[in-house]
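Subject: Structure handover

Hello,

Here is the structure I promised to pass on. My notes follow below it.

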Amino acid sequence: MSDLSKLQSWKNLEIKSRQISKISLNQMFKEDKDRFKKYSITIKDLLFDYSKNHIDKNLFQSFVQLLNDVDLNRKIKALFNGEKINSSEDRPVMHFLLRGSYNSKTKNIYNNTVKKCLIKMKSFYEDFKDGKIGVKKIKNIINIGIGGSDLGPKMVCNALEHYSKNQINIFFISNIDPNNMTEVLKKLDPEESIFIISSKSFGTIETLKNGLECIKWFNNKSKSNFSEHFFAVTSNIEKAKSFGIKEKNIFPIWDWVGGRYSFWSAVGLPIMLKIGYNNFLTLLKGAKDIDYHFQNEPFDKNIPVILACIGIIYNNFFKCETQAILPYDEYLKYLPMYLQQADMESNGKSISNDSKKVKYQTGPIIWGDIGTNGQHAFFQLIHQGTKYIPCDFIGFSKSNNEKSDLHEILLSNLIGQTSALMKGKTLKEAQIEVNDKKKKSNYKILLNSKLFEGNKPSTTILFNKLNPYNLGRLIAIYEHKIFVQGCIWNINSFDQWGVELGKELANKIHKIFKSKDFENIDSSSKGQLDFILKTRSS
Ligand code: F6P
């Protein structure tokens, strides 16, 4: 199975993709007045419009055949039944349990873990609200964590700023770079602050070092007992205890929650403290509804499955290397970064589940930024560059902060961009535009520079409003899309061995830093170290 290309359905999909690539998007819309109706899905204030993509019913049929060949239905069941689908780590993957999506096979696990933890989180939230935590009123929450223990809570806290219930500031210390911690701590009174050390493994060097430094800082600045101000979220309770965190201050997670899928757990404690318990539950409910949708809708009405199909077509057959994520909402500025980890750490793999090197492309490069800012930065390349970049546009009908017609202009830009990408600008249109410059010496270059090839695809996801429920839905859609693509590529989307080698070598180099024993190191690394050591002491 590691050679997907041998499957007839894969070959058919390749042929159909090639055929459809010859028909322009404009042409498809011209020929089919119902194209939008046919290639969009609306559910409860959510519009998923994939009509501006190189896709049609015929191509999708081949995709469904492929899904049957890779046994997607069985794999979805295996996921939700808690089978050990994370093969290299020999464990199940059950982040969906965190939002209450259990079945008869997983209900006990839910009751013994998630449910109990939610009760503990709620009671902590109540104490926090009632000012029972710490000596003074707590104004600052500092999350210490990296990767999934940082990006998720950071993205959601920022996204749901508008739903902030409590007058608190949330800070994130993730980087081992001391500049991160310095800039955060310099504004804070320790007695008005609590620290949440979030690390599933409680073995991540950045987090542990930053945690220790924060304890040192706290002890230097305050006479209170640090252990009343330090909390932990981890699956390694013993390690957290020996680090000095009181057992009552430790919130559990479990090995079946991947770091990049973890903000639904106690890793989301800063989110709950910010938006309140009920809003946190609504966030979970949004994701739970998508879990249901994903498990129950037929493939041709299943948003994560269709999104996965679009990604496969561009990644594997149109040979696109990247996928842009373009949220048109300032509050979602960390979304591209968040999805970068979710997607690239999950599907950036080249060893198949049957231990062979894959012979096809797997996960794309995910990148992006908020609109309209991106339009004034990198959209030039998307419109007129040599690369073909599928784009996901995300927007909301209503703003959380309506101000005259600003939001309408924002949304006009979103739609304007998707249609400009598709429509392009013909020679005729450009000629009309520069007609009055005909006599100028630069007329030809100006005219040609004004051409837009068009035919550039985009998918648009619109909700009525950015709120906890819709954010939960949005993230779960992407999570399941990543899962489906991993199933097709026959890779394990839930391990991340690719980050280990760099960590090992950083440890070795750190020892050289201290010992100055430069043997067994390449000349470039030695040269860099020499330079650093010399310039550090000068
Ligand atoms: O190095 C990668 C990684 O393992 C991520 O997958 C994870 O989100 C991050 O490090 C942090 O891990 P932990 O929560 O165990 O500190």
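One definition before the notes: buried means under 20% relative accessible area, exposed means over 50%, and partly exposed is in between (1.4 Å probe, protein chains only). Asparagine 58 is partly exposed on that scale, with a relative accessible area of 39%.

Some ground rules. This is a predicted model, where local features need pLDDT of at least 70, side-chain atom pairs count only at pLDDT 80 or more, and totals for chains, interfaces and linings use all residues. Residues are numbered from 1 along each chain as its sequence is written, and side-chain values use heavy atoms, with hydrogens and water left out.

Overall picture

The protein has 22 helices and eleven strands. Both are DSSP runs, numbered from the N terminus: helices are H or I with at least four residues, strands are E with at least two. The radius of gyration is 25 Å, close to the 24 Å that the globule rule gives for 538 residues, so the protein is as compact as a globular protein of that length. That radius is taken over C-alpha atoms, and the rule is 2.2 Å times the number of residues to the power 0.38. The C-alpha trace spans about 75 × 65 × 60 Å along its principal axes.

Of the 538 residues, 53% count as buried. Contact means heavy atoms within 4.5 Å. Among contacts with a separation of 6 or more, 75% are between residues 24 or more positions apart.

Helix packing

Take helix α1 (residues 8-21) and helix α14 (residues 303-317). Their axes come within 11 Å and cross at roughly 80°. The two helices are therefore roughly perpendicular to each other. Axes here are lines fitted to C-alpha atoms, for helices over the stretch in contact, and angles run from 0 to 180 degrees between N-to-C directions. The angle classes: under 35 degrees is roughly parallel, over 145 roughly antiparallel, 65 to 115 roughly perpendicular, and the rest oblique.

Which residues make the contact between α1 and α14? From α1 come Trp10, Leu13, Glu14 and Ser17; from α14 come Ile312, Ile313, Asn316 and Phe317. They divide into five nonpolar, two polar and one charged. Nonpolar covers Ala, Val, Leu, Ile, Met, Phe, Trp, Tyr, Cys and Pro; charged covers Asp, Glu, Lys and Arg; the others, Gly among them, are polar.

The loop between α5 and α6

Leucine 98 sits in the loop between α5 (72-80) and α6 (107-112). Is leucine 98 buried or exposed? At 2% relative accessibility, leucine 98 counts as buried. Leaving aside residues up to four places away in sequence, leucine 98 touches Val114, Trp254, Trp256, Val257, Tyr261, Trp264, Ser265 and Leu284. Phenylalanine 393 is 295 residues from leucine 98 in sequence and 28 Å from it in space, C-alpha to C-alpha.

Glycine 100 is in the loop between α5 and α6 too. At 11% relative accessibility, glycine 100 is buried. With residues up to four places away in sequence not counted, glycine 100 touches Tyr110 and Lys288. Its C-alpha is 20 Å from that of lysine 75, 25 residues apart along the chain.

Backbone points to check by eye

Most residues other than glycine have a negative phi, and most peptide bonds are trans. The peptide bond from glycine 371 to threonine 372 is cis, with omega near 10°. Threonine 372 lies in the loop between β9 (365-368) and α16 (379-384).

Asparagine 455 has a positive phi, near 60°. That residue is in the loop between α19 (443-449) and β11 (458-463). Lysine 516 also has a positive phi, about 60°, and is not a glycine. Lysine 516 belongs to the loop between α21 (500-515) and α22 (523-537), and counts as partly exposed at 49% relative accessibility.

Two helix residues

Asparagine 58 is in helix α4 (residues 57-69). Its C-alpha and that of phenylalanine 299, 241 residues apart along the chain, are separated by 14 Å. Tyrosine 292 is in helix α13 (residues 277-296), and counts as exposed at 57% relative accessibility.

Best wishes
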